[in-house]
Structure formats: C-alpha cells, structure tokens
Amino acid sequence: MSQPVVGRDSWSPVCRYSDLELGRGATALVRGQAVALFRIGDDEVYVLGNHDPFAHPRDAGAGMLARGIAGRREDVVFVGSPVHKHAFDLRTGRCLEDPSVRVPTYQVRICDGVVHVGPRASP
C-alpha cells in the first residue's frame with residue numbers, strides 16, 4: 001500500500017496545547033524529523049530541531065534540546081542545551097554564544113487547542 005504524499009507546506013497535529021508544560025520541552029516526530037516543542041506563556045509555542053549541533057558526532061542522533069530549560073535573556077526567548085550549555089533562540093534557532101550556528105525552527109499554530117507543526121521557518 002502506498003503512503004500519502006505530504007507536501008512541504010502541510011501542517012501536522014502534534015499534541016494538545018494543554019499537554020505542554022510551561023517552560024519545559026516535549027518531543028515529537030514530524031514528517032520524519034525529531035522536533036522539540038516549548039510552551040512559553042499563554043498561547044506561545046516554539047518548535048525547533050531536537051538536536052544540539054555541538055554534540056559529539058557519535059551522539060548526533062540523540063535528541064537533546066527538548067530536555068533543556070527555556071528562559072529569557074532580555075527580549076530573547078531561548079532554550080539552554082542540557083549537556084553543552086549553549087543557548088538557542090527559540091524564534092530563530094540561532095545560538096546566542098555563536099551566531100554562526102543554528103538549529104532549524106518550524107512554523108507552529110494552535111487550532112482548537114491542538115498544536116500543529118508546519119514547514120521549516122529557518123534552515
């Protein structure tokens with residue numbers, strides 16, 4: 001049986017918004033990509049790739065960022081890598097300590113209390 005074709009602009013329902021803990025990460029597999037979801041405040045959810053680009057190559061497949069704690073530095077909402085302690089901007093995926101390093105971010109929307117993850121917003 002063939003699988004349906006999923007377009008790059010499609011949206012995937014992932015979880016109920018109420019299932020996400022404030023300031024803590026959750027993981028999901030969306031169109032074959034491991035992502036980390038973070039709920040920050042009311043109706044504010046960010047989604048980024050769930051890998052730490054600073055991880056050792058043998059650990060590259062290990063999802064780490066969802067285990068980090070989210071916070072704010074001035075006006076930047078970020079997640080801190082639990083292992084390597086680098087902080088990543090949840091809006092852009094940019095590493096705050098090394099702006100040349102990024103993780104992918106994804107579009108996100110909440111419809112009827114369900115979090116939907118869309119296409120990549122950044123590389």
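How many bridges join strand E5 to strand E6? The count is 5, and the two strands run antiparallel. E5 covers residues 69-73, and E6 covers residues 76-80.

Some ground rules. This is a predicted model: local features need pLDDT of at least 70, side-chain atom pairs count only at pLDDT 80 or more, and totals for chains, interfaces and linings use all residues. Residues are numbered from 1 along each chain as its sequence is written, and side-chain values use heavy atoms, leaving out hydrogens and water.

Now the terms. Strands are DSSP runs of E, at least two residues long, numbered from the N terminus. Two strands pair if DSSP finds at least two bridges between them.

Back to E5 and E6. Alanine 70 has valine 79 in E6 as its bridge partner. Arginine 73 has valine 76, also in E6. The two strands form a hairpin, with 2 residues between them. Glutamate 74 sits in that turn, with a positive phi of about 55°.

Next, the sheet. It is open, with 3 strands in the order E5-E6-E7 and antiparallel pairing. The edge strands are E5 and E7 (87-89), and each pairs on one side only. The twist averages 35° from one strand to the next. Those angles run from 0 to 180 degrees between N-to-C directions, and the axes are lines fitted to C-alpha atoms.

Last, the cysteines. The structure holds 0 disulfides (pairs of cysteine sulfur atoms within 2.5 Å). Is cysteine 95 buried or exposed? Cysteine 95 counts as buried because its relative accessibility is 0%. Cysteine 111 is at 32%, so it counts as partly exposed. Buried means under 20% relative accessible area, exposed over 50%, partly exposed in between, using a 1.4 Å probe and protein chains only.

How values were computed:
Helices (H or I, at least four residues) and strands (E, at least two) are DSSP runs, numbered from the N terminus.
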